[in-house]
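Hello,

Here is the structure I promised to pass on to you. Have a look at it first, and then read on for my notes.

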Amino acid sequence: MSRLARFVLAGGVGFVADAAALWLLLALTPLGPFVARVLSIGFALCVTWQINRHLTFSPSSRGVAQEGARYGGVGIATSIVNYLVYCAILFALPAMPPLAALAVASLVAMALSFVGYSRLVFDR
């Protein structure tokens, strides 16, 4: 399977983790869609790091801590883009369900993530 296909698979699993966490946080806590999304993004980053590390790119030559820090840096940068698109959609279209906004925002951030992870984290 090509690296890009594995990355899309990892992103799909990350999307499910993000969506499930967001849904649970919205259903079970008093958090609104903006605060809950920050937490769900963090959870999804942890999930995708492990999948990308072991399936998509393989561990880098760096130690786990340095690799994790780099992954987190790229992840935070692309998550900011993801979150801003998510917020813009919800502000512009208040009737849109948060999970639909999450899907659109995640697709926008996917290309940035692949370039960042492959070049800055895993050196591939």
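A word on the ground rules before the details. This is a predicted model, in which local features need pLDDT of at least 70 and side-chain atom pairs count only at pLDDT 80 or more, while totals for chains, interfaces and linings use all residues. Residues are numbered from 1 along each chain as its sequence is written, and side-chain values use heavy atoms, with hydrogens and water left out.

Let me start with the charged pairs. A salt bridge here is a side-chain nitrogen of Lys or Arg within 4 Å of a carboxyl oxygen of Asp or Glu, and the count by that rule is 2. In one of them, D18 meets R37, with 2.9 Å from N to O. This pair links distant parts of the chain, 19 residues apart: D18 sits in helix α1 (residues 3-28) and R37 in helix α2 (residues 33-56). Helices are DSSP runs of H or I with at least four residues, numbered from the N terminus. Both D18 and R37 are buried, where buried means under 20% relative accessible area, exposed over 50% and partly exposed in between, using a 1.4 Å probe and protein chains only.

The other salt bridge joins E67 and R53, whose closest N and O atoms are 2.4 Å apart. Again distant parts of the chain are linked, with E67 in helix α3 (residues 64-92) and R53 in helix α2, 14 residues apart. E67 and R53 are buried as well.

Next, how the helices pack. The axes of α2 and α3 come within 9 Å and cross at roughly 140°; axes are lines fitted to C-alpha atoms, for helices over the stretch in contact, and angles run from 0 to 180 degrees between N-to-C directions. That angle makes α2 oblique to α3, since angles under 35 degrees count as roughly parallel, over 145 as roughly antiparallel, 65 to 115 as roughly perpendicular and the rest as oblique. The contact of α2 with α3 has 14 nonpolar, 6 polar and 3 charged residues. In that tally Ala, Val, Leu, Ile, Met, Phe, Trp, Tyr, Cys and Pro are nonpolar, Asp, Glu, Lys and Arg are charged, and the others, Gly among them, are polar.

For α3 and α4, the axes come within 8 Å and cross at roughly 150°, and these two helices are therefore roughly antiparallel to each other. Their contact divides into 18 nonpolar, 6 polar and 2 charged residues.

L45 lies in helix α2 and counts as buried at 18% relative accessibility. Its C-alpha atom is 7.5 Å from that of G72, 27 residues apart along the chain. F15, in helix α1, counts as partly exposed at 31% relative accessibility.

Best wishes
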